[in-house]
Amino acid sequence: MGLAALKLPRFSPTMQRPVVVSTWDSGMPVNAEAWKILSTKGKSLDAVEAGAIHIENTINCCVGLGGYPDRDGIVTLDACIMDEKANCGAVAGLERIKHPISVARKVMENTPHVILVGQGAQQFALQNGFPLESTELSAEAKEAYQQWLKKSQYKPEVNIELKQNHGPFAPHFFDDGTLNHDTMGLVALDGHGDLSGAVTTSGMAYKVHGRVGDSPIIGAGLFVDNEVGAATSSGLGEEVIRICGTHTVVEYMRHGYSPEAACKKACDRIVNRDPEKAKSLQVGFLALNKFGQYGAYAIQDGFVFSVKSETENQIHKSKFLI
Ligand code: SD4
């Protein structure tokens with residue numbers, strides 16, 4: 001189906017490209033990195049990988065090896081990447097490797113598979129020249145984990161990053177004042193009209209060892225359909241997986257919904273199934289369509305996203321349901 005065949009009754013599109021959007025305010029420097037490639041006629045695939053690498057490199061960042069550990073004190077990383085041809089690769093439960101996003105790309109490009117997990121993923125990374133990093137937690141993660149061990153309770157909380165005076169969950173900020181989240185998802189449309197996306201995360205803090213969230217799962221944490229659009233997610237991964245979240249968002253866009261409306265419909269799905277439960281969970285979706293239009297929606301207040309295009313370089317607050 002080409003662009004002309006897309007049903008677009010609910011909004012009138014104006015084309016803008018290139019454009020990159022990413023989750024949270026910590027997406028601003030990520031977008032800047034991606035923009036270096038997009039603005040010089042580069043490919044969206046290279047742009048999203050560069051953005052993800054940037055945040056994985058950021059010292060004292062919850063994304064990547066500086067992130068919070070699982071309940072056994074081990075940092076395990078999830079990541080995935082997808083391009084305009086529906087090529088995709090992912091790693092889950094990857095330990096001691098600094099750039100899971102690049103390992104995911106190698107899975108995509110050098111194997112007939114989509115997802116590698118745990119020890120096999122690490123072995124594959126080592127075979128592909130990625131160095132084995134230390135098991136040492138970052139200073140902040142170590143401190144938080146030691147606090148958490150005192151009670152050892154696991155209860156995913158809405159927007160834990162945003163809560164002040166919350167012991168191990170006290171928010172920490174980058175030098176530029178943006179909040180530090182455990183997940184970075186970004187999707188980009190390049191000057192050639194091609195969409196790609198990437199997600200990288202240390203996942204939910206204090207998860208059971210071996211737990212995999214939505215982030216590395218194609219159709220949950222990330223989905224790209226070059227005829228329609230792309231989407232990524234943040235928040236409680238289990239809820240995103242239950243509705244194949246980003247695939248759902250893209251399908252709504254296929255049926256003519258704007259990116260924001262499509263994200264809202266996906267949030268509705270989660271909330272309508274169990275409105276009571278939804279009061280205590282957070283999920284946010286972020287989408288970009290083939291025209292370069294973007295939008296987001298979250299279950300609760302607090303989700304923000306970053307946008308970079310020829311005309312924009314800013315953080316937007318997402319609308320929310322509850
Ligand atoms: C997960 N979706 O592991 C991730 C966590 C996240 O902001 O996005 N946190 O479930």
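How far is an oxygen atom of the ligand from a polar backbone atom of M204? The legends below begin with that contact. The model is predicted; local features need pLDDT of at least 70, side-chain atom pairs count only at pLDDT 80 or more, and totals for chains, interfaces and linings use all residues. Residues are numbered from 1 along each chain as its sequence is written, and side-chain values use heavy atoms, with hydrogens and water left out.

View A. An oxygen atom of the ligand lies 3.4 Å from a polar backbone atom of M204. For G237, a polar backbone atom is 2.9 Å from a ligand oxygen. The ligand taken alone exposes 290 Å², of which the protein buries 98% (Shrake-Rupley method, 1.4 Å probe).

**View B. The shell around the ligand.** Eleven residues surround the ligand, and the closest are D182, T183, R211, D214 and G235 (a heavy atom within 4 Å). One residue of the shell is nonpolar, six are polar and four are charged; Gly counts as polar, and Asp, Glu, Lys and Arg as charged.

**View C. An aromatic pair.** The whole structure holds seven aromatic pairs (ring centres within 6.5 Å). The ring centres of W24 and F303 are 5.1 Å apart and the planes stand at 85°, so this pair is edge-to-face (planes over 60 degrees apart). W24 is in the loop between β1 (19-23) and α1 (27-38), and F303 is in the loop between β10 (294-298) and β11 (304-309), 279 residues apart. Helices (H or I, at least four residues) and strands (E, at least two) are DSSP runs.

**View D. Backbone details.** R17 and P18 are joined by a cis peptide bond, with omega about 0°. P18 belongs to the segment before β1. A86, a residue other than glycine, has a positive phi near 70°; A86 lies in the loop between β2 (77-82) and β3 (88-94).

How values were computed. Polar contact = N/O pair within 3.5 Å; in protein donor to acceptor, adjacent residues only side chain to side chain. Phe/Tyr/Trp six-rings, centres within 6.5 Å; stacked < 30°, edge-to-face > 60°.
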